[in-house]
Amino acid sequence: MMRDAADHKALLEAPRQTFRSLARRRFLRHRLALVGAVIVAAIVLMAVFAPWLAPHDPNHVNIMLAREGPSSGHFLGSDLVGRDVLSRLIYGSRVSLSVGLLAVGVYMAIGLILGCVAGYFGGWVDMMVSRMVDAVLSFPTLMLILVIVGLLGPSLFNIILVLGFLGWPEVARIVRGQTLAVREELYVLSSEAAGAPSSRILLKDILPNIMSPVIVNATFGVARAILIEAGLSFLGMGVQPPTASWGNMLNDAQSLSILETMPWMWVPPGLMIFIATISINFVGDGLRDALDPKLN
Amino acid sequence: MHTFIIRRFLISIPVILLITMIMYLIVNLAPGDPIDMLVGQQALTPSEIEQIRISLGLNEPIHQRYLKWLGQLARGNLGFSYLDHQPVLDRIAERLVPTFSLMFFVILVSYITAVPIGVISAIRQYTWIDYLATALAFSGISFPNFFSGLVGIYFFSLVLKWLPTGGLETIGQGFSMVDRLYHLLLPGLVLAFREMGVLVRYTRSSMLDVIRQDYVRTARAGGLSEWKVILHHALRNALLPLITMLGLSIPRLFAGVVIIEQIFQWPGMGRLAIEAILSRDYPVLMGLTLCTAVLVLMGNLLADILYGVADPRIRLSGKR
């Protein structure tokens, strides 16, 4: 009896390897993810402090400077109407990040709620949600995005809205599966036995235990949303000038003469989209390795 | 098996109806009038405009127009383009071959390159070759299609002058298979780069799963050479999920096609979609929606069926 108590105490006092500390260690071991995280942090800072970092007003038109190549006053040159490319690049990070975070935020919220409810309550609720998931997943998504954004008018808000309302099925599906898996765990059953209301069980017992795959999915989702916004803006169906977005900065390069002779206009924004998305994807990969105990 | 296919097929019908209904509502209730686009700069009297509206059927209430559209559809008629009054079916049909040849090329190239890279990446996990493959795959996934397209045109067409900057074929030369392939190469490779990235990651994780299975360990313990273990025992099972990917990749491919066709002036369905949106050519837009919805659903169905054929553990019975 005494020994048991002593053992128990020793166990408690031993350096505890919590899930969190293990996950942090595994994440730090993933070098690409680490580099990615640093770059993402830098881009976030760039977006937040854009007004202080940008050397010029991103929307200031100066025809005298149009199509000028890089110089000491304008490191990345100027675009067709003489706006400073570097300043537009810095401000463009705001568009990309807000689309990424807000669109994913919207569909995470929808997906989490529907997925949890479907998985926890089962029955006809589950039936309804699952059929809805199937239906939306079989939508030709890009076609729908193009039509809605093209017809409702291209704007940042509409893009966020459309991506937000089309992205949730994948999340709902993951969350539902995870909820089904933990629903019969002892800690959930004990809360139920103690008479906790369903809302409390969902929020306090289930949600914290199913977040790992959701976080990973969200990370990849941010990268995907940034790519889609860039693509739409490139086609002229996204963020409209004069607002700078990395995608619409490449729009002019559809003309072969600009493509050939003025690379400073289209190479930097293209590279920025690439760097931002690959960094976020690496972070997502690192998170998956860190949060998925099966892998180790 | 047959009941499963029939069941899935029957479930697809209401889904397609739902999609067309939603799209019809969005398309027709969106601000912006196709008449404005048609009339353009011409000065027409209000009564003349009303005439056009009636001739296009735009004066009727929306639910009647939708039902009419469905009725036509049942008779195999997708309506007529607002722009040139050609049957929508013809407009789409002439775009099918360019888009499908592009997609086919992309699937072929991406699978041929991705499977070996993914497999090697998995069996040499955490070595430099794995890191290289991972970096390559993530570059493919993260590179915006339009940027890689522009870079491709810049280097291969403008600087090196090896490949054409766009188009389906050399104008005024008539049909030639070699010429078509020559034009297909750059847009195809650009799209395949992304697809390859996705598939490498998929092959790798699927292979990693399989390598850890007991039967692979048993094969190894039985003294088979590593090569044989990988080829005969692991690879076959690792490739199963990839078969599913074939069907599920259609929506992603279609998304890529829209942008690539725009950059390379490829006269396919993606370009048609953009043209139709810009000119508010609603019948063409609805036709394309239906077409892509059917393609996506067929892809899903194909994925399920192929998976059932390839993996006997999955029983495709009527109940599920």
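The model is predicted. Chain A is built from 14 helices and 0 strands, and 33 of its residues are in contact with 40 residues of chain B. The largest nonpolar core counts 152 residues.

**Chain A as a whole**

- Chain A is more spread out than a compact globule, because its radius of gyration is 24 Å, well over the 19 Å that the globule rule gives for 296 residues.
- Along the principal axes, the C-alpha atoms of chain A fill a box of roughly 85 × 45 × 30 Å.
- As for burial, 46% of the 296 residues in chain A are buried.
- Of the contacts in chain A with a separation of 6 or more, 70% come from residues 24 or more positions apart.

**Where chain A meets chain B**

- The contact count is 33 residues on chain A and 40 residues on chain B.
- Four helices of chain A each supply at least two residues to the side that touches chain B: α7 (141-152), α11 (198-234), α13 (256-261) and α14 (263-291).
- Helix α7(A) gives the most to that side, with 9 residues.
- Sorted by class, the side of chain A that touches chain B has 24 nonpolar, 8 polar and 1 charged residues.

**The nonpolar core**

- Within the largest nonpolar core, A:Leu146 and A:Val147 have the most contacts.
- Leaving out residues up to four places away in sequence, A:Val147 touches B:Met23, B:Ile26, B:Val27, B:Ile277 and B:Leu285.
- As background, nonpolar side chains tend to be buried together in soluble globular proteins.

**Helix α12 of chain B**

- Helix α12(B) is largely enclosed by the rest of the structure, because 7 of its 10 residues are buried.
- The buried residues of α12(B) are B:Met269, B:Gly270, B:Arg271, B:Leu272, B:Ala273, B:Ala276 and B:Ile277.
- These buried residues pack against α7 of chain A, and also against α5 (88-123), α11 and α13 (282-310) of chain B.
- After α12(B) comes B:Arg280, with a positive phi near 50°.

- A:Pro241 and A:Pro242 are joined by a cis peptide bond, with omega about 10°.
- A:Pro242 sits in the loop between α11 and α12 (246-249) of chain A.
- B:Lys161 isn't a glycine, yet its phi is positive, near 60°.
- You'll find B:Lys161 in the loop between α7 (145-159) and α8 (177-211) of chain B.
- B:Lys161 counts as exposed, because it has 9 C-beta neighbours inside 10 Å and the cut-off for exposed is 12 or fewer.
- B:Gln265 isn't a glycine either, and its phi is positive at about 45°.
- B:Gln265 lies in the loop between α11 (240-263) and α12 (269-278) of chain B.
- With 15 C-beta neighbours inside 10 Å, B:Gln265 counts as partly exposed.

**One more residue: B:Leu132**

- B:Leu132 belongs to helix α6 (residues 128-142) of chain B.
- B:Leu132 has 14 C-beta neighbours inside 10 Å, so it counts as partly exposed.
- The C-alpha atoms of B:Leu132 and B:Ile117 are separated by 9.8 Å, and the two residues are 15 residues apart along the chain.

Key. Residues numbered from 1 in each chain as written. Chains lettered and ligands numbered in written order. Predicted model: local features only at pLDDT ≥ 70, side-chain atom pairs only at ≥ 80, totals over all residues. Rg over C-alpha atoms; globule rule 2.2 N^0.38 Å. Buried ≥ 20, exposed ≤ 12 C-beta atoms within 10 Å, placed from the backbone. Contact = placed C-beta atoms within 7 Å. Nonpolar A, V, L, I, M, F, W, Y, C, P; charged D, E, K, R; others polar. Core = buried A, V, L, I, M, F, W, Y, C linked by C-beta atoms within 7 Å.
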